[in-house]
Amino acid sequence: MLYKLNNFFHKLYRFEALFFLIPALIIVFLFFILPVILSVYISFTPLKNWNIGKYLGEIVGFNNYYRFFYMIQHDPGTRSVFLTTIVFIAVTLTINVLGGLFLALATFFVYEKASAFIRTLWLLPRMAPIAVYSLVWYYFFHASRIGTLNSILLSIGLIDKPIDIGQKIIPWGPWSIIIFVNGLVGVSFGMIVFTSAINNIPKELVIAARVDGATNWQISRRILIPLMKWHILYVTTWQLLSLLTTYAHIFLLVKWNLVHRDYGTTWSLYIYNAAFTGTFDQGLAAAAGVILVVIGGVLGWITLKILGFDRMITRPRGDI
């Protein structure tokens with residue numbers, strides 16, 4: 001009798017846990033799993049101009065994937081999209097992770113009021129609306145005398161006429177602008193996570209190191225950074241996948257003709273343009289999106305391997 005009663009309560013506990021998980025599972029299915037399923041299905045259809053009634057029931061197999069790889073081989077504009085994506089992710093990811101780590105460490109060793117001011121200042125790009133933030137840098141890099149950068153360079157005599165960084169200095173000009181604009185936003189995210197990690201490290205470790213005569217660099221390298229490896233892993237992986245799908249700021253800068261369309265367009269923006277502007281080729285966009293999701297999963301797995309995720313979740317040797 002007691003065994004049956006325990007078994008009943010055990011089943012009831014499992015049902016209760018499932019009951020609390022149901023809302024989260026519904027949200028995950030509706031906003032994550034279902035869009036992936038629909039994207040995969042659409043990638044096998046000739047859907048164009050959102051004409052669902054005409055095209056959604058027609059299956060063309062891997063034709064959209066063949067078209068996509070054909071464009072990569074023969075269209076210079078499509079190839080430049082992938083080169084831009086590689087440079088954009090590699091450089092911006094480095095800036096986001098190392099910049100956020102540097103800011104968190106730097107503000108840890110200054111007075112609390114000064115560190116709070118610095119953190120708030122770096123949070124402004126993330127708090128500003130995307131359109132407003134992009135507009136600020138549009139006027140900063142504008143290719144005329146009204147551009148802030150051009151006016152400064154003209155006033156100090158470094159140039160004698162305005163320069164068009166985003167359209168004329170190809171490809172480094174457009175790359176520099178989109179990396180700079182997105183890098184400032186990403187640095188603030190890393191700074192928040194790393195600052196939180198540092199504040200949870202026992203202060204006794206730092207005090208003991210100070211007593212032993214350790215410098216700020218030695219404390220950072222031997223105490224703080226090793227104890228933040230989980231957070232470094234998280235920020236690196238998250239920012240990698242986030243940058244792979246980022247296009248909002250870049251879309252506005254390209255639309256406003258601040259940066260060159262070919263060398264200012266990342267893979268995710270290419271997918272958006274194919275689906276919602278220009279050709280309205282949703283089948284091709286879905287195929288490119290499915291490939292992007294697969295590559296994102298592979299890159300995320302590689303990042304976890306390189307940063308030693310398997311080692312960090314392994315049970316420690318010996319007794320604790």
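The legends below describe close-up views of a predicted model.

**View 1. Helix α9 against helix α12.** Helix α9 spans residues 172–199 and helix α12 spans residues 229–244; their axes come within 10 Å and cross at roughly 160°. Angles over 145 degrees count as roughly antiparallel, and α9 and α12 are therefore roughly antiparallel to each other. The crossing in which α9 passes α12 is right-handed. On the α9 side, the contact is made by G186, F189, G190, V193, F194 and A197. On the α12 side, H231, I232, Y234, V235, W238 and Q239 take part. Eight residues of this contact of α9 with α12 are nonpolar, four are polar and none is charged.

**View 2. Helix α4 against helix α12.** The axis of helix α4 (residues 76–108) comes within 10 Å of that of α12, and the two cross at roughly 145°. The crossing of α4 and α12 is right-handed. From α4, the residues in contact are F88, I89, T92, L93, N96 and V97. From α12, they are V235, T236, Q239, L240, L243 and L244. By class, the contact of α4 with α12 has eight nonpolar residues, four polar residues and no charged residues. V235 and Q239 of α12 take part in the contact with α4 and also in the contact with α9.

**View 3. Helix α12 against helix α15.** The axes of α12 and α15 come within 10 Å and cross at roughly 165°. The two helices, α12 and α15, are therefore roughly antiparallel to each other. Their crossing is right-handed. The α12 residues in this contact are L233, T236, T237, L240, L241 and L244, and T236, L240 and L244 also take part in the contact with α4. The α15 residues are L292, G296, L299, G300, T303 and L304. Seven residues of the contact of α12 with α15 are nonpolar, five are polar and none is charged.

**View 4. The largest pocket.** The volume of the largest pocket is about 970 Å³. Its lining consists of 28 residues, and S39, T245, I271, G289 and V293 are those nearest its centre. Two or more lining residues are given by each of α1 (2–42), α12, α14 (267–276) and α15 (282–306). The largest share, ten residues, comes from α15. In the lining of the largest pocket, 21 residues are nonpolar, seven are polar and none is charged.

View 5. I170 and P171 are joined by a cis peptide bond, with omega about -5°. P171 lies in the loop between α8 (165–168) and α9.

**View 6. The positive phi of N49.** N49 is not a glycine, yet its phi is positive, at about 55°. N49 sits in the loop between α1 and α2 (52–55). As background to this view and to the previous one, most residues other than glycine have a negative phi, and most peptide bonds are trans.

Definitions and conventions. Residues numbered from 1 in each chain as written. Predicted model: local features only at pLDDT ≥ 70, side-chain atom pairs only at ≥ 80, totals over all residues. Heavy atoms only, no water. Axes fitted to C-alpha atoms, helices over the stretch in contact; angles between N-to-C directions. Helix = DSSP H or I, 4+ residues; strand = E, 2+ residues; numbered from the N terminus. Parallel < 35°, antiparallel > 145°, perpendicular 65-115°, else oblique. Left-handed = near helix turned anticlockwise from the far one by under 90°. Contact = heavy atoms within 4.5 Å. Nonpolar A, V, L, I, M, F, W, Y, C, P; charged D, E, K, R; others polar. 1 Å grid on protein atoms, 1.4 Å probe; cavity = no way out; pocket = protein on both sides within 12 Å on 5 of 7 lines; lining within 4 Å. Points joined across faces, edges and corners; volume = space filled by probe spheres on them.
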